[in-house]
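Hi,

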Amino acid sequence: DHWVNARSGVLAPSPTWGSFADGVGTWDADDEDAGAPVIHRGVWDQITPMSCRWYQAVSRDGGPSWQQTWVMHWTRR
């Protein structure tokens with residue numbers, strides 16, 4: 001999986017990395033924002049047979065802190 005920067009449309013130079021552990025899937029990708037390195041994270045959690053949540057977060061300090069930037073709640077019809 002590769003991260004695509006929504007502002008520039010540029011494909012991240014490296015693919016995402018991650019896995020599922022204890023029912024939560026976490027994938028990270030290195031990127032840049034205004035020339036500064038950032039890590040983007042996508043997380044699948046709250047997974048049930050009828051629903052799940054996906055959220056995106058960004059770290060500007062190499063991973064110690066994360067800011068959520070997008071949350072989607074999925075429900076099966």
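Predicted model: local features only at pLDDT ≥ 70, side-chain atom pairs only at ≥ 80, totals over all residues.

Residues are numbered from 1 along each chain as its sequence is written, and side-chain values use heavy atoms, with hydrogens and water left out.

Five strands make up an open sheet in the order 3-4-5-6-7, paired antiparallel. Strands here are DSSP runs (E, at least two residues), numbered from the N terminus, and two of them pair if DSSP finds at least two bridges between them. Strand 3 (17-21) and strand 7 (67-75) are the edges; each has a single partner strand, so one side of each has no neighbour in the sheet. From one strand to the next, the twist averages 15° (axes are lines fitted to C-alpha atoms, and angles run from 0 to 180 degrees between N-to-C directions).

Next comes a hairpin: strands 5 and 6 have five residues between them, and Gln46 in the turn has a positive phi of about 50°. Strand 5 (residues 36-45) and strand 6 are joined by seven bridges, with Trp44 partnered by Trp54.

Strand 6 (residues 51-59) is largely enclosed by the rest of the structure, because eight of its nine residues are buried (under 20% relative accessible area, 1.4 Å probe, protein chains only). Eight bridges pair strand 6 with strand 7, where Thr75 is the bridge partner of Ser51.

Best wishes

Technical notes:
Helix = DSSP H or I, 4+ residues; strand = E, 2+ residues; numbered from the N terminus. Buried < 20%, exposed > 50% of the residue type's maximum accessible area, 1.4 Å probe, protein only.
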